[in-house]
Amino acid sequence: MRSDRTVRLPLHRRPSTTSSIASRRRSRGQALVELALITPVAVVLLATAVDLGRLFYSRIAIVNAAREGAFEASIHPTSYLAGQPCDKTANRVVCRAINETAGSFVTVSPSDIAMACSPDCGNTLGNTVSVTVTGHFTLLTPVLAVFTGGTNVTFSESVTMRLAVSPTAVVPTPTPTATPSPSPTPTATPTPTLDPSATPTPTPDPAATPTPAPTPSPTPNCPVPVAAFSVTPTTGSHYQNRNFPGTTFEFTDASTNTNLPGCQTVWSWNFGDGPGVSSDQNPTYVYGAKNSDPGFLVQLVVSNLGGSSTATFRLRVS
């Protein structure tokens, strides 16, 4: 006899709804714990990045303040009062330096700005003036304090420029040149005929002839020069070659009212890196080191007996 047997396959058991919900709850709880652990670290790293940017920006602000203060001092060296508040008439050097740091993250007070002339602040070609600016910066987080030595950071920058001299006009005293008196040509005297009624005619004395007065040399009329110049190799205001150190720059004078006879024109160059100065009309100069933004502030002062004029150009690395 045959018997029919039914084979039953085992059914897969479905997980219960209760265990599935518990598993999802455990996953969410683990994610919340991980988020709570990583959030403080992420916040500290973000604040450190912000602090690094603020630190770099503050350093640039102090460099700009020192350069602007030195530029103002080169034109108005007597407008400086040490430790006194900003005064647009009597303390222009302090005003210009503090205004340059306005809105930045660094603090500069009038006592943080110092100025010194070498050898003095007199109206003499070749005299220089130095301005030193000190700024105070506070970090947001203590992470960078390991590298800066504390949360309070102090910046200091010093810039030296030549004084813009306006020479006093000196009118040369003319030296009269005596004109020699012409020697009279002797005239043969005829043998007079004795005439008892004739009146004798006197003979003129050559020494009695008046000598004309000397004519003084005219004083030269010297118009005030207008300073201008160009720099090569440049395009606009940005130098395109990144190999900045060791590159020779040619400075070409384009000033007007110069090379006039008797006007005694003088050129005074300051290349903006401290030691770089020249009195040539068309100098060349090689910068020894690359400078950070905003670059080098080149200054030309052209002077003659009529006055002086100043032109500037900021040489940057793009």
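These legends describe several views of one predicted model.

In this predicted model, local features need pLDDT of at least 70, side-chain atom pairs count only at pLDDT 80 or more, and totals for chains, interfaces and linings use all residues. Residues are numbered from 1 along each chain as its sequence is written, and side-chain values use heavy atoms, with hydrogens and water left out.

View 1. Helices (H or I, at least four residues) and strands (E, at least two) are DSSP runs, numbered from the N terminus. Along the sequence the order is α-α-β-β-α-β-β-β-β-β-β-β-β-β. Of the 318 residues, 31% are buried. Buried means under 20% relative accessible area, exposed means over 50%, and partly exposed lies in between (1.4 Å probe, protein chains only). The accessible surface comes to about 20600 Å², and 58% of it belongs to carbon and sulfur atoms. Accessible areas come from the Shrake-Rupley method with a 1.4 Å probe; for residues, only the protein chains shown count as cover. Take the contacts (heavy atoms within 4.5 Å) between residues at least 6 apart in sequence: 66% of them join residues at least 24 apart.

View 2. The average pLDDT, the predictor's confidence in each residue from 0 to 100, is 78. A score of at least 70 is reached by 69% of the residues. Where pLDDT is low, the predicted coordinates should not be read in detail.

**View 3. The largest nonpolar core has 30 residues.** Such a core is a set of buried Ala, Val, Leu, Ile, Met, Phe, Trp, Tyr and Cys residues joined through side-chain atoms within 4.5 Å. Ile 113, Met 115, Val 131, Val 133 and Phe 155 have the most contacts inside it. At least two residues each come from α1, α2 (92-100), β1 (113-118), β2 (128-138) and β3 (152-162). Helix α1 gives the most, with 8 residues. Beyond its neighbours within four places in sequence, Phe 155 touches several residues, including Leu 55, Ile 62, Val 106, Val 133 and Phe 137. A second, separate core of 16 residues includes Phe 251, Trp 269, Val 302 and Leu 315.

**View 4. A nonpolar patch on the surface is formed by Leu 35, Ile 38, Val 41 and Leu 45.** Together they have about 390 Å² of accessible area. Ile 38 sits in helix α1 (residues 17-75).

**View 5. Ser 118 and Pro 119 are joined by a cis peptide bond.** Its omega is about -5°. Pro 119 lies in the loop between β1 and β2. Most residues other than glycine have a negative phi, and most peptide bonds are trans.

**View 6. The loop between β6 (248-253) and β7 (266-270) holds Thr 265.** Thr 265 counts as buried because its relative accessibility is 17%. Leaving aside neighbours within four places in sequence, Thr 265 is in contact with Thr 258, Asn 259, Leu 260, Val 302, Ser 303 and Asn 304. Asn 259 also lies in this loop. Asn 259 has a positive phi, near 55°. With a relative accessible area of 54%, Asn 259 is exposed. Asn 257 belongs to the loop between β6 and β7 too. Phi of Asn 257 is positive, near 60°. Asn 257 is partly exposed, at 30% relative accessible area.

Notes. Patch = residues over 30% accessible without salt bridge, like charges linked within 9 Å, V, L, I, M, F, W, Y side chains within 5 Å. Salt bridge = Lys/Arg side-chain N within 4 Å of Asp/Glu carboxyl O.
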